[in-house]
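Subject: Structure for you to look at

Hello,

Here is the structure I promised to pass on. Please open it next to this email and follow along residue by residue.

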Amino acid sequence: MLSKKVEKALNDQIKMEGNSSNYYLALACWADMNGFSGVADFMYKQSDEERFHMLKLMKYVIERDGGAKVPAYDEPTVNVKTATGVFQDLYKHELAVTESINKLVGICLSENDYTTHNFLQWYVSEQLEEEATAKTILDKIKLMGDDKSAWYHFDRDIAGLTVTSVADAGAGA
Ligand code: OFO
């Protein structure tokens, strides 16, 4: 049985994962509309991943006899002007999610909820992976600079990648 405090914190995280999914969908649309079809594919997949994170939390809340809430989404505002901006936003957003997951883990400990604490370790690892991936991609982008041919290959190659495959490949994006 979840405490009310943990149940609310989990529902807040459900909302954040849902908003992340929507935000990445908006970034994918921006990339798609601006000729970066590979970047768009990568971000569409990232959006699906975030939806999966939301569902995993919902199922956990229900499994613990809590009430999972389907969140109302905030309309995403996209201010990026370049493909580099897409990945800068991805990185910034992932840092905010990590902070939120860490707070959630802290709440579980303060409530002596070691079961939820254990469940959340999957998210702790996932955030580590996603932050590293976004950082790796940004490093590659820095190396490419304004080299149009490098961007062409980058866009082509990133289409087939996912956050997990980039992370598994270590420094290779
Ligand atoms: Fe939900 O994994 Fe990052 O944001």
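The structure holds 7 salt bridges. Bear in mind that this is a predicted model.

**E7 and its surroundings**

Start in helix α1, which covers residues 4–33 and includes E7. Which residue does the side chain of E7 meet in a salt bridge? The partner is K4, with N and O 3.0 Å apart. Both residues sit in helix α1, 3 residues apart, so about one helical turn separates them.

E7 has a relative accessible area of 13%. That is under the 20% cut-off, so E7 counts as buried. K4 stands at 64%. That is over 50%, so K4 counts as exposed.

E7 has another polar partner. A polar atom of its side chain lies 2.6 Å from the backbone nitrogen of G67. What else does E7 touch, leaving aside neighbours within four places in sequence? The contacts are L2, G66 and G67. So G67 turns up both in the contact list of E7 and at 2.6 Å from its side chain, while K4 is the salt-bridge partner and E7 itself is buried.

Next, go to helix α3, residues 83–110. K103 forms a salt bridge with E99 there, and the closest N and O atoms are 3.8 Å apart. The two residues are 4 apart in the helix, so they too are separated by about one helical turn. K103 is exposed, at 56% relative accessible area. E99 is at 48%, which lies between the 20% and 50% cut-offs, so E99 counts as partly exposed.

Then look at D157 and R156. Their side chains meet in a salt bridge of 3.3 Å, N to O. Are these two residues buried, partly exposed or exposed? D157 is partly exposed, with a relative accessible area of 41%. R156 is partly exposed as well, at 48%.

**How the helices pack**

Two packed helices are described by the angle between their axes and the distance between the axes. Take α3 and α4 to begin with. Helix α4 covers residues 114–144. Its axis is 9 Å from that of α3, and the two pack at an angle of about 160°. An angle over 145 degrees counts as roughly antiparallel, so α3 is roughly antiparallel to α4. Their crossing is left-handed.

How far is E99 from Q127, C-alpha to C-alpha? The distance is 9.6 Å in space, although the two are 28 residues apart in sequence.

Now move to helix α2 (residues 37–63) and helix α5 (residues 148–158). Their axes come within 7 Å and cross at roughly 30°. This crossing is left-handed. On the α2 side, the contact is made by S37, G38, V39 and F42. On the α5 side, F154, D155 and I158 make it.

Go back to helix α1 and find G18. Is G18 buried or exposed? G18 is buried, at 1% relative accessibility. Leaving aside neighbours within four places in sequence, G18 is in contact with M54 and Y73. G18 and M54 are 36 residues apart in sequence, yet their C-alpha atoms are 5.9 Å apart.

**Two loop residues with positive phi**

D65 is in the loop between α2 and α3. Its phi is near 70°, a positive value in a residue other than glycine. D65 is exposed, with a relative accessible area of 59%.

Where is N112 found? N112 is in the loop between α3 and α4. Phi of N112 is near 55°, again positive in a residue other than glycine. N112 has a relative accessible area of 53%. That is over 50%, so N112 counts as exposed.

Best wishes

Notes: Residues are numbered from 1 along each chain as its sequence is written. This is a predicted model: local features need pLDDT of at least 70, side-chain atom pairs count only at pLDDT 80 or more; totals for chains, interfaces and linings use all residues. Side-chain values use heavy atoms; hydrogens and water are left out. Buried means under 20% relative accessible area, exposed over 50%, partly exposed in between (1.4 Å probe, protein chains only). A polar contact is a pair of N or O atoms within 3.5 Å; within protein, one must be able to donate a hydrogen and the other to accept it, and residues adjacent in sequence count only if both atoms are side-chain atoms. Contact means heavy atoms within 4.5 Å. A salt bridge is a side-chain nitrogen of Lys or Arg within 4 Å of a carboxyl oxygen of Asp or Glu. Axes are lines fitted to C-alpha atoms, for helices over the stretch in contact, and angles run from 0 to 180 degrees between N-to-C directions. Angles under 35 degrees count as roughly parallel, over 145 as roughly antiparallel, 65 to 115 as roughly perpendicular and the rest as oblique. A crossing is left-handed if the near helix is turned anticlockwise from the far one by less than a right angle, and right-handed if clockwise.
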